[in-house]
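The stops below are given in the order in which they may be selected.

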Amino acid sequence: MSEYRIASIPGDGIGVDVTVEARKVLDAAAARHGFSLRWTEFDWSCERYTQTGSMMPDDGVAQLAAFDGILLGAVGFPGVPDHISLWGLLIPLRRAFQQYVNLRPVRLLPGTTSVLSGRTAEELEMVIVRENSEGEYSAIGGRHNSGRPDEFVLQESVFTRVGVERIIRYAFELARTRTSRVTSATKSNGLIHSMPFWDEIFAEVAAKYPDVESGQMHVDALAARMVQAPDRLDVVVGSNLFGDILSDLAAAVTGGLGMAPSGNINPSGEFPSMFEAVHGSAPDIAGQGIANPVAQILAGAMLLEHLGETVAAQAIRTSVDEVLTAGAELTPDLGGTATTTRLGTAVAEALR
């Protein structure tokens, strides 16, 4: 029997609530499909920051390096600035473990509705491939003349040939397993250095995949297409900033952030990959037992798939679909009265 060492970082707010249910479902899937998960939980969070002044210990990266995967809840809490939680935990882990792919599949799940009237589930399925290690999310820059009338800031972006080429190539390889269609998000009419560079590399990579239909759109027009004609999109690849924004929009039009999982992927397997729900920590409903655990459960399915346990991963997705279709155990955001625990238990018990 295979055993996988998994690091669990519940984080803050409802991250704690939904991670309990995701672990329940993953353990049930493991027992049914002949492998085991050995969990180690870490209390790294904004709460820890308020107590110690750091989101994680100095050797946090080293502590996680030996794990096969990481399941992250959510981070963020009132009183702790967002840039502290992001740069104190998520970004250091993504970069130290070379998780340069942020993979965000979205689909309209059974029993749910879209804000886009009249759209079917077949029309509302796509995957956003976001560059996750460089781009606009850079620490290079500074604030000058603070407090003076001529105060200004500089915020630099970093685009490397290696970084841009590998994320675009990943998108094309993924497209070959789907509908063989890739759309690149650009803004080369406004960003005159980084985006023409991105576009040139996209064209170079596209030429090596003649079997894959490809095109590029300015990110604002692409956002409009996501709303007006989502069925014309399948694999969308974008920079760190563009991918971040577009993936949240894609989740919003396919049922909401509470239904969307994501993976921070190290494709080589040299370092652990990290999986999380797209939604935030929602501290206003934390601990009330009403948070929707579906996104975190599906993030767990992505974790299993990444580990090679594809049958178990698909079993979880099928179980989620069946529970949502039945409609008996839905949390309030889905129009039901079930608790977080009841929905998680229903998914675990529906596994085959």
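Select helix α10 (residues 310–326) together with helix α11 (residues 340–349) in this predicted model: the two pack at an angle of about 125 degrees, with their axes 8 Å apart. Helices here are DSSP runs (H or I, at least four residues), and strands are runs of E of at least two, numbered from the N terminus. Axes are lines fitted to C-alpha atoms, for helices over the stretch in contact, and angles run from 0 to 180 degrees between N-to-C directions. That angle makes α10 oblique to α11; angles under 35 degrees count as roughly parallel, over 145 as roughly antiparallel, 65 to 115 as roughly perpendicular and the rest as oblique. The crossing of α10 and α11 is right-handed, a term used if the near helix is turned clockwise from the far one by less than a right angle, with left-handed used if anticlockwise.

Show side chains next. Ser319, Val320 and Val323 of α10 meet Leu343, Ala346 and Val347 of α11, where contact means heavy atoms within 4.5 Å. By class, these residues are five nonpolar, one polar and no charged; Ala, Val, Leu, Ile, Met, Phe, Trp, Tyr, Cys and Pro count as nonpolar, Asp, Glu, Lys and Arg as charged, and the others, Gly among them, as polar.

Residues are numbered from 1 along each chain as its sequence is written. Local features need pLDDT of at least 70 and side-chain atom pairs count only at pLDDT 80 or more, while totals for chains, interfaces and linings use all residues, and side-chain values use heavy atoms, with hydrogens and water left out.

Move to helix α1 (residues 14–33) and helix α9 (residues 294–306), which pack at about 40 degrees with axes 8 Å apart. α1 is therefore oblique to α9, and their crossing is right-handed. On α1, select Val18, Thr19, Glu21, Ala22, Val25, Leu26 and Ala29; on α9, select Gln296, Ile297, Gly300, Ala301 and Leu304. This contact of α1 with α9 comprises eight nonpolar, three polar and one charged residues.

The next pair is helix α7 (residues 219–228) and helix α8 (residues 240–253), at an angle of about 15 degrees and with axes 10 Å apart. α7 and α8 are therefore roughly parallel to each other, and α7 passes α8 in a right-handed crossing. Val219, Leu222, Ala223, Met226 and Val227 of α7 touch Phe242, Leu246, Leu249, Ala250 and Val253 of α8. The contact of α7 with α8 has ten nonpolar, no polar and no charged residues.

Now select Arg181, in strand β8 (residues 181–186). Leaving aside residues up to four places away in sequence, Arg181 touches Ala175, Val212, Glu213, Asp231, Arg232, Leu233, Asp234 and Val235. Val16 lies 165 residues from Arg181 in sequence and 37 Å away in space, C-alpha to C-alpha.

Finally, colour by domain: domain 1 covers 1–100 + 258–352 and domain 2 covers 125–253, with bounds from an automatic or database domain assignment. Their centres, taken over C-alpha atoms, are 25 Å apart. Nine residues of domain 1 contact 14 residues of domain 2. The two domains bury about 970 Å² between them, 56% of it on carbon and sulfur atoms; buried area is the accessible area (1.4 Å probe) that two parts lose on being put together, summed over both. In domain 1, select Trp87, Arg95 and Tyr100, which lose the most area to domain 2, together 59% of what that side buries.
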